[in-house]
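Please read the report below alongside the sequence and the structure, taking one section at a time.

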Amino acid sequence: FFHYSSIMATLYTFPGNFRSFKALIAAEYNGMDITVEDFDAAAAALSPLGKAPVLKTSSGVIFESNAIARYVARARADTELLGVSFVDQALVDSWVDFSSNELELPASMWTYPVLGYMPFNLAAYEKAKADLAKGLKTLNDYLLTRTYLVGEKITLADICVTSSLVYVMKFVADKDYLKPFGNVVRYFQTCANQPEFKAVIGETPMCKEEMMAPGAPAKAKKAAPAKQEKKKKEKKAADDAPPPPKKKAEHPYKIMDKEKPSKFSMDAWKKAYSNAKTYEAGMEYFWENIDLEGWSVWHQNYNYNDENKRIFMAANAVGGFQQRSDEIRKWAFGVMDVLGTEETVLEMKGVWLFRGDTVEHMKNANDDANWYTWTKLCGPGLAPTPEVKKQVFDYWCQENELEGKPIQDSKVFK
């Protein structure tokens, strides 16, 4: 990839500053090498505002994060980060302004106390959550029929909006808060999982439970169902003492590994699949080494394929399914595809390899697995037929067509 190293620039910022993510992600798309330095007193003196980030170039100093991001985005016209037409360019500017005005401020007021940047204030906390929800609703409604904000590819608009939401999505916005904003979640995961984004922000696991700032009131727990008063006399105080906490149960797969160890190494197989010179060589390794007494292969078919209307939505659903299956990654491998066309029917299907002889552990780890029909192809008590071996090869190796239908998207869980 050609790097525009002739454009020399140094970005002065604080570690993890989400406002700096914008320029750094744009630099990844444009192949620019930007040096990053800590923001200190000397760097503060470069900016009229004395605030981070600041970009020092051979032609002068640029301050304010959006101006810096636009400068980097303009470095190459062919990547079209600022839009294709004049109208698109104006729309990109609109969403960049929207991000600054409607997302960044409430997102900061919510996350900064959690990150230790400012003290907690209950009134500010509640207002930040409410104000951010208004911005997310606007974004959610707009994204109903769109993958990206402007056109059909990533622009600076997506870079700025996604950057403003990174810490919200990672640390504070739990599933209950995000429930009304499904399109935003799908959009955020699509952007955050692009290689250029991951090179700057790393992995972005979604928040499972809201992190609370020091000094914040404890979140109210859901009330347990009321119990009828017992008529019996109360026991002695000693008897009323709570029992000691139970030791967390080991995962069934860990127990299986101890009690019924298998000669088949999942790690070795994943490396072989990734590094084999040909798919045929990779599959030859698999069938030569698989322990079908300790592992099983299953076909997966979504029960509601008739509801899949758009390719990007189905593809994002597949990506979300695999992300939510992370708990069993050590004991599972699979390839999921989106097959067909929007004009006919889009099908979400896959073939998976699991430790043991059941899909129940997948269903326990990922509730979405209950919405699929699982069919055992081979494993304990069921030897693979030539037809099954071909089916597994097709699902794990074909790139263009499967079951006579075009492959619109394919994702590997490994």
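## A residue in a loop

E403 is partly exposed, with a relative accessible area of 38%; here buried means under 20% relative accessible area, exposed means over 50%, and partly exposed lies in between, for a 1.4 Å probe and protein chains only. In the hairpin of β9 and β10, which has two residues between the strands, E403 takes a positive phi near 55°. Helices (H or I, at least four residues) and strands (E, at least two) are DSSP runs, numbered from the N terminus.

Residues are numbered from 1 along each chain as its sequence is written, and side-chain values use heavy atoms, with hydrogens and water left out.

The pLDDT, which is the predictor's confidence in each residue from 0 to 100, averages 89 for the chain, and 91% of the residues score at least 70. Over residues 1-5 the pLDDT stays under 50, and the model has 15 contacts beyond four places in sequence for them, a contact being heavy atoms within 4.5 Å. The pLDDT is also below 50 over residues 228-238, a stretch with one contact in the model beyond near neighbours in sequence. Where pLDDT is low, the predicted coordinates should not be read in detail.

## The sheet and its helices

Six strands form an open sheet with antiparallel pairing, in the order β8-β5-β7-β6-β10-β9, where two strands pair if DSSP finds at least two bridges between them. The edge strands are β8 (372-378) and β9, each of which pairs on one side only. Strands of a sheet pair through backbone hydrogen bonds, either parallel or antiparallel.

Strand β6 (residues 332-340) is joined to the antiparallel strand β10 (residues 405-413) by six bridges, and β6 pairs with β7 over nine bridges, also in the antiparallel sense. M336 has K411 as its bridge partner in β10, and M336 stands opposite G350 in β7. Strand β9 (residues 401-402) pairs with β10 over two bridges, and L402 has K405 as its bridge partner in β10.

Helix α14 (residues 311-323) lies across β5 (295-302), β6, β7, β8 and β10, and runs at about 25° to β10. Helix α16 (residues 386-397) packs on the sheet and touches β5, β6, β7, β8 and β9, with a direction that makes about 115° with that of β7. For these angles, axes are lines fitted to C-alpha atoms, for helices over the stretch in contact, and the angles run from 0 to 180 degrees between N-to-C directions.

## Salt bridges

Side chains of opposite charge can pair when their charged atoms come close. A salt bridge is a side-chain nitrogen of Lys or Arg within 4 Å of a carboxyl oxygen of Asp or Glu, and by this rule the count comes to 22 salt bridges.

The side chains of K349 and E403 meet in a salt bridge at 2.9 Å, N to O. K349 lies in strand β7 (residues 346-355) and E403 in the loop between β9 and β10, so the pair ties together parts that are 54 residues apart in sequence. K349 also forms a salt bridge with E347, with the closest N and O atoms 3.8 Å apart. E347 is buried at a relative accessible area of 13%, and K349 is buried at 10%. A network of salt bridges links E347, K349, E403 and K405.

Terms used:
Predicted model: local features only at pLDDT ≥ 70, side-chain atom pairs only at ≥ 80, totals over all residues.
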